[in-house]
Amino acid sequence: MLVNNAMKRIYVNKKWCLGCRLCEYNCTYANSGAMNIITALKDKPLRSRIKVEEYDGDTLPLSCRHCEEPICVKSCIAGALSKVGGVIKINHNKCVGCCTCISVCPYGAIMHGEDGVMRKCELCIDNAFGAPACVAGCPNGAIVYEERD
Amino acid sequence: MKRYVIIGNGAATIGAVEGIRRLDSEGPITIISSEPYHTYARPLISYYIEGKTDRERMKYRPDDFYEKNDCEFLAGKTAVKIDPAAKSVTLDDGSVVSYDKLCYAAGSSSFIPAFRGLETVSESDRFTFMTLDDAERLKARIEPGLSVLIVGAGLIGLKCAECIYGKVGAITVVDLAPRILSSILEEKSASIVQRHLEGKGLNFILNDSVDEFHGHIAIMKSGIRQFFDIVVLAVGVRPNVALMKEAGARVNRGVSTDRHMYTGVDGIYAAGDCTETFDVSCGETRILALMPNAYMQGECAGINMAGGDCDFENAVPMNAIKLLGLHISTAGSYIGDVIERENTADSTYTRFYVDGGLLRGYIMLGEPYRNGIYTSIIRNQIPIDKIDFETLIKSPSISAMGESYICQLERKV
Ligand SMILES: Cc1cc2nc3c(=O)[nH]c(=O)nc-3n(C[C@H](O)[C@H](O)[C@H](O)COP(=O)(O)OP(=O)(O)OC[C@H]3O[C@@H](n4cnc5c(N)ncnc54)[C@H](O)[C@@H]3O)c2cc1C
């Protein structure tokens, strides 16, 4: 099959996650378009695309897996989701906010955005960071961006 | 080199093209489409009238889709006959296209019952709501002050009501069923949604139906006389199956296929609204006229047409719609015991249906939050004693799904 196998993804080393939630803050900041982290976060709800869950005494940061067979892309009623170079992206201009993608994502990785269109991790490729802000800002190296089989 | 032909131009067709091209970049594909337009997202016709999208943005794939996928796009051509012996399709202009593999993805059409006196309503005041042409006609006709009667309080009727809301005068919706959205909501959730819509000003006449039209008056079975300027007939859709019947395929309500989307007629596959699907949430084969289903069936058909091996399984009915600000997310079948969850914090109301140790379905009103995790439990028939269901129904999470689910996160999926 003609699929792109060489693909970096975000993975989590569960044992190293401190549960500090800095990734949620950095994600919100990186995707806010704000000039600095204070204006991005002050007095606003966290609009993070990564979510830290409690798990069995541990914590677990979760974001889009950029699945090989992305059910969100296949299900989008607007043709607004697509996979480009291994990254699943939402075309905000086309999304009508129906939330079908939220209804199908098995990882709960797509969230409702404040502007009515969906938001999800796009690996910070198109924002000012250029590379995953959650990874860069993780103080304990628990979130990594690498290729695995 | 294989020659592929697809009848249709909706989600199932696009899925078939993308499925074929995963394996075969060479074989020519011919797409035969009655509608003369670049492939568009059918559910977006209501957003188009509402002004939330436009003809450009509602395209289901980019402008270069056909070219990039090496497809010959026969726009505005209708297939009138399939000859399985000659492996050819005859078009309405008399031309003949031959195939090695054919995908039948003709979708469905608005069903209009034989109402008495329907002909007394002038044609320019009668509408259906299924195609871009329907939407253009309606968009051109609506104006402030117009009284609108919508026959059918299903998904299509209510999406239509929503998109003309605020652009016309009174909107009245009539349905034979005792509740609105009767195919996807039960009584309690339907009444919550109904109250919400009534609060916005929509009128409902339920448990009733039009007995007769008298020009611009609809006389209901109950005797109610409802005046209207225009009427939208949204009672339901019927799968387009005629060509497949004539071709000798097995057709019940929709075209019957196996898990490969193969119809049993040499070289012919079928996908989308025109087919029947095995619904894992209830164990029955039925029509699932839904966009995600159409795409995935098409993709599966395409892969198999190109010589691959793909099974279409795990299909579940699923709806995610918003009506005048209220989100409705449903999945599966409403079988078994009910667990209700009312969350005042985010004002959501959810009903879960549990039967035989499995989550069979849910109905969720209010802004959806990670409910794909629930859908995945239904789709994959994960026994609820294998997960922390108590925690999950309070709030969906991956951690409550258990170790094996979490392990998936460490692999490529
Ligand atoms: C108003 C509205 C709202 C909807 N909202 C939702 C929603 O929110 N979520 C959801 O999941 N689904 C929704 N749906 C349903 C969804 O649109 C369908 O499930 C989906 O379009 C099916 O795709 P398809 O490819 O099978 O068929 P279609 O999109 O119907 O495409 C079939 C095409 O084949 C053409 N055709 C038929 N016969 C021939 C022939 N003989 N020769 C050539 N061409 C032919 C037709 O003209 C048509 O263009 C909605 C539908 C409507 C009308």
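Which residue forms a salt bridge with B:R286? Select B:R286 and B:D279 together: these two form the salt bridge, and their closest N and O atoms are 2.9 Å apart. Keep in mind throughout that the model is predicted. The two partners differ in cover. B:D279 is buried, with a relative accessible area of 0%. B:R286 counts as partly exposed, at 31% relative accessibility.

**Stop 1**

Over all chains, the whole structure has 33 salt bridges. Select B:R55 and B:E136 next. Their closest N and O atoms lie 2.6 Å apart in a salt bridge. B:R55 sits in the loop between helix 2 (45–50) and helix 3 (65–68) of chain B, while B:E136 belongs to helix 4 (residues 132–141) of chain B, so the pair ties together parts that are 81 residues apart in sequence. B:R55 is partly exposed at 33% relative accessibility, and B:E136 is partly exposed at 25%.

Now pick B:D64 and B:K68, whose side chains meet in a salt bridge with an N to O distance of 3.9 Å. Which of the two is exposed, and which partly exposed? B:K68 counts as exposed, with 68% relative accessibility. B:D64 counts as partly exposed, with 30%.

To see a network of salt bridges, select A:E69, A:K74, B:R22 and B:E299, which are linked in one.

**Stop 1: strand 10 of chain B**

Select residues 148–151 of chain B, which make up strand 10. In a regular strand the side chains alternate between the two faces of the sheet. Here B:V148 and B:I150 lie on one side, B:L149 and B:V151 on the other. Are these four residues buried or exposed? They are all buried, and both faces of the strand are covered.

Look for B:L149 and its bridge partner B:T172 in strand 11 of chain B. Now follow the chain from strand 10 of chain B through helix 5 (residues 155–164) of chain B to strand 11 of chain B; this β-α-β crossover is right-handed.

Strand 10 and strand 16 of chain B run parallel and are joined by four bridges. The bridge partner of B:I150 in strand 16 of chain B is B:V232.

**Stop 2**

Strand 13 of chain B is joined by four bridges to strand 14 (residues 217–220) of chain B. Within this pair, B:H214 stands opposite B:I217.

**Stop 3: a sheet of five strands**

Move on to the open sheet of chain B with the strand order 21-22-25-24-23, where the pairing is again antiparallel. Which strands are at its edges? They are strand 21 (318–323) and strand 23 (337–343) of chain B, each of which pairs on one side only. On average, neighbouring strands are turned by 15° against each other, direction ignored. Six bridges link strand 21 of chain B with strand 22 (residues 326–332) of chain B. Find B:I321 here, opposite B:I328 in strand 22 of chain B.

**Stop 4: an enclosed helix**

Select residues 372–379 of chain B, helix 9. Eight of its eight residues are buried, so the helix is largely enclosed by the rest of the structure. Among them are B:G372, B:Y374, B:S376 and B:R379. Helix 9 of chain B is followed by B:Q381, which has a positive phi, near 45°.

**Stop 5: a patch on chain A**

Finish with a nonpolar surface patch of about 410 Å². To show it, select A:L22, A:Y25, A:I37, A:I38 and A:L46. Helix 1 (22–30) and helix 2 (37–41) of chain A each supply at least two residues of this patch. A:L46 is in the loop between helix 2 and strand 2 (51–55) of chain A. With a relative accessible area of 34%, A:L46 is partly exposed.

Note on methods:
Residues numbered from 1 in each chain as written. Chains lettered and ligands numbered in written order. Predicted model: local features only at pLDDT ≥ 70, side-chain atom pairs only at ≥ 80, totals over all residues. Heavy atoms only, no water. Buried < 20%, exposed > 50% of the residue type's maximum accessible area, 1.4 Å probe, protein only. Pairing = 2+ DSSP bridges. Right-handed = clockwise from strand over helix to strand, strands pointing away. Patch = residues over 30% accessible without salt bridge, like charges linked within 9 Å, V, L, I, M, F, W, Y side chains within 5 Å. Areas by Shrake-Rupley, 256 points an atom, 1.4 Å probe, with all protein chains shown as cover. Salt bridge = Lys/Arg side-chain N within 4 Å of Asp/Glu carboxyl O. Axes fitted to C-alpha atoms, helices over the stretch in contact; angles between N-to-C directions.
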